[in-house]
Amino acid sequence: MTNVSPILKHVAANTLDLGTGLPGSDLVSTGIADLGRGLETIESLIVSIGAARLVPLGIPAEAPIASPEHRLYERLAAEDADSAHSRYNA
């Protein structure tokens with residue numbers, strides 16, 4: 001598990017609210033819900049990629065999807081092959 005500084009844990013525990021409009025909070029909230037339902041979506045793949053960093057902060061990202069980076073790219077390419085690379089890197 002990743003070592004997280006006690007200060008960062010305190011800040012996250014006392015200020016992190018996924019409903020506050022933080023950048024990407026809508027993707028994370030949806031991804032957590034999708035993971036909980038066992039769905040593989042773009043959002044759940046994004047959360048799976050960041051799970052190792054989210055869990056120590058107290059954000060529930062349990063049972064992340066295996067190989068999320070490759071699966072995310074494949075999903076983006078299936079939607080629009082021409083923009084998959086730029087969307088993946090965004």
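A crossing of two helices is left-handed if the near helix is turned anticlockwise from the far one by less than a right angle, and right-handed if clockwise. Helices here are DSSP runs (H or I, at least four residues), numbered from the N terminus.

The structure is a predicted model, in which local features need pLDDT of at least 70 and side-chain atom pairs count only at pLDDT 80 or more, while totals for chains, interfaces and linings use all residues. Residues are numbered from 1 along each chain as its sequence is written, and side-chain values use heavy atoms, leaving out hydrogens and water. The mean pLDDT (the predictor's confidence in each residue, from 0 to 100) is 81 for the chain, and 77% of the residues score at least 70. Confidence is lowest in helix 1 (residues 6–15), with a mean of 48, and highest in helix 4, at 95. Where pLDDT is low, the predicted coordinates should not be read in detail.

Helix 3 (residues 42–54) passes helix 4 (residues 68–79) in a left-handed crossing. Their axes, which are lines fitted to C-alpha atoms over the stretch in contact, come within 9 Å and cross at roughly 155°. The two helices are therefore roughly antiparallel (an angle over 145 degrees). In their contact (heavy atoms within 4.5 Å), Ile42, Leu45, Ile46, Ser48 and Ile49 of helix 3 meet residues of helix 4 including Pro68, Leu72 and Leu76.

Helix 2 (residues 25–36) packs against helix 3 at about 95°, with the axes 7 Å apart. Helix 2 is thus roughly perpendicular to helix 3 (65 to 115 degrees). Among the residues in this contact are Leu27, Val28 and Ile32 of helix 2 and Ile46 and Val47 of helix 3.

One aromatic pair was found, a pair being rings of Phe, Tyr or Trp (its six-membered ring) with centres within 6.5 Å. Tyr73 and Tyr88 lie 5.8 Å apart, centre to centre, with 70° between the planes, an edge-to-face arrangement (over 60 degrees). Tyr73 belongs to helix 4 and Tyr88 to helix 5 (residues 84–89), so the pair ties together parts 15 residues apart in sequence.

Terms used
Axes are lines fitted to C-alpha atoms, for helices over the stretch in contact, and angles run from 0 to 180 degrees between N-to-C directions. Angles under 35 degrees count as roughly parallel, over 145 as roughly antiparallel, 65 to 115 as roughly perpendicular and the rest as oblique. Rings of Phe, Tyr and Trp (its six-membered ring) pair if their centres lie within 6.5 Å; planes under 30 degrees apart count as stacked, over 60 as edge-to-face and the rest as tilted.
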